[in-house]
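Reader: I am new to protein structures. Could you walk me through this one, feature by feature?

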Amino acid sequence: MLLVNYSSSSEEEEGPAGEGPRRRAEGAVGGTEVQCQRLPVPESVMGMFKELEEELDDSVQHDGRIRSFPHQRGNWSTLVYLEYYPEVEFVELIDLLLTHLQMHNLPMARLAEFHISLSQTVVLRYHWINIFVESLKEKMTSFDRFYCVSDKVKIYINQENTRTFLGLEVSAGSSYLQEVVNEVDKSMKEFDLKTYYKAIVDRFENGAKILRMFADQVRCKTGNKIFSFPLR
């Protein structure tokens, strides 16, 4: 990796094998030759700026999702969420839904991971990451662990109209969940980022519970980094 690119009035010639290039100083009487050997760049220097650049987006590695904003060096895609580890019954339900959708020529794919979003996906500058994470950490310390229950399947379309997906609407636990979202929104506003959609409901029906989730930590994924904030 070249750290500096510069121009010079001198010329380089290749010396004998294994000796490296030679630099000929012009203007000297007789055109004296000085052998110059390139020194290896230390690994510590080579890796100094690798963190600054998020890996290029590959939709194949992200369940076919298309980036809603262009990739730029120093911009990190960021999401705050509650991770959900599905039980066998939940996976079986999804497979059943996918089978019925396929019968109606509406093919969909099952995601590799499941979560409850607490924010929109936003763009965070690299130099903001540590400050943003500390802001979230401070706000999450006042929350206790809690349960979420879902009993209704809904269809959603993202704002860019590039993706349609099935989701579960949170019913029981939604009031407490909304309080968590409100605090996440405060962190977003500190960095002039978009707040979450106003779509969480506050109701509970005595129907079949599709999902019952115990929330014990909030997570923030920014680029290839994941930060966890345990709840009390």
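Reader: Which residue takes a positive phi in the hairpin of β10 and β11?

Author: Glycine 223 does, with phi near 60°. This is a predicted model, so keep that in mind throughout. The hairpin has 2 residues between its strands.

Reader: Now the open sheet. What is the order of its strands?

Author: The order is β8-β7-β9. That makes 3 strands, with antiparallel pairing.

Reader: Which strands stand at the edges, and why does one side of each lack a neighbour?

Author: β8 (164-170) and β9 (211-215) do. Each has a single partner strand, so one side of each is left without a neighbour in the sheet. The sheet also twists, on average by 45° from one strand to the next.

Reader: How many bridges join β7 to β8?

Author: There are 7. β7 covers residues 146-157 and runs antiparallel to β8.

Reader: Which helix lies across β7 and β8?

Author: Helix α4 does, residues 174-190. The angle between α4 and β7 is about 80°.

Reader: On to salt bridges. What should I look for, and how many are there?

Author: Look for a side-chain nitrogen of Lys or Arg within 4 Å of a carboxyl oxygen of Asp or Glu. The count here is 6. One of them joins glutamate 190 and lysine 139, at 2.9 Å from N to O. Glutamate 190 belongs to helix α4 and lysine 139 to helix α3 (residues 129-140), so the bridge ties together parts 51 residues apart in sequence.

Reader: What does the side chain of aspartate 144 meet?

Author: Aspartate 144 meets arginine 232 in a salt bridge of 3.0 Å, N to O. The two sit 88 residues apart: aspartate 144 in the loop between α3 and β7, arginine 232 in the segment after β11 (225-230). Aspartate 144 has a relative accessible area of 35% and is partly exposed. Arginine 232, at 55%, is exposed.

Reader: Where do glutamate 169 and lysine 154 lie?

Author: Their side chains form a salt bridge, 3.2 Å from N to O. Glutamate 169 is in strand β8 and lysine 154 in strand β7, so this pair ties together parts 15 residues apart in sequence. Glutamate 169 is buried at 7% relative accessible area. Lysine 154 is partly exposed at 29%.

Reader: Next, aromatic rings. How many aromatic pairs are there?

Author: There are 8. To classify a pair, check the angle between the planes: over 60 degrees counts as edge-to-face. Phenylalanine 132 and phenylalanine 191 have planes at 70°, so their pair is edge-to-face, with centres 5.5 Å apart. Phenylalanine 132 lies in helix α3 and phenylalanine 191 in the loop between α4 and β9, so the pair ties together parts 59 residues apart in sequence. Phenylalanine 132 is buried, at 0% relative accessible area. Phenylalanine 191 is buried as well, at 12%.

Reader: Which aromatic pair is tilted, at 45° between the planes?

Author: Tyrosine 147 and phenylalanine 214 form it, 4.9 Å centre to centre. Tyrosine 147 is in strand β7 and phenylalanine 214 in strand β9, 67 residues apart. Tyrosine 147 is partly exposed at 42% relative accessible area. Phenylalanine 214 is partly exposed at 37%.

Reader: What sits over the ring of tyrosine 147?

Author: The charged end of arginine 212 does, 4.2 Å from the ring centre.

Reader: Which residues form an aromatic cluster?

Author: Tyr84, Phe90 and Phe114 form one.

Note on methods: Residues numbered from 1 in each chain as written. Heavy atoms only, no water. Pairing = 2+ DSSP bridges. Helix = DSSP H or I, 4+ residues; strand = E, 2+ residues; numbered from the N terminus. Axes fitted to C-alpha atoms, helices over the stretch in contact; angles between N-to-C directions. Contact = heavy atoms within 4.5 Å. Buried < 20%, exposed > 50% of the residue type's maximum accessible area, 1.4 Å probe, protein only. Phe/Tyr/Trp six-rings, centres within 6.5 Å; stacked < 30°, edge-to-face > 60°. Lys NZ or Arg CZ within 6 Å of the ring centre and 35° of its normal.
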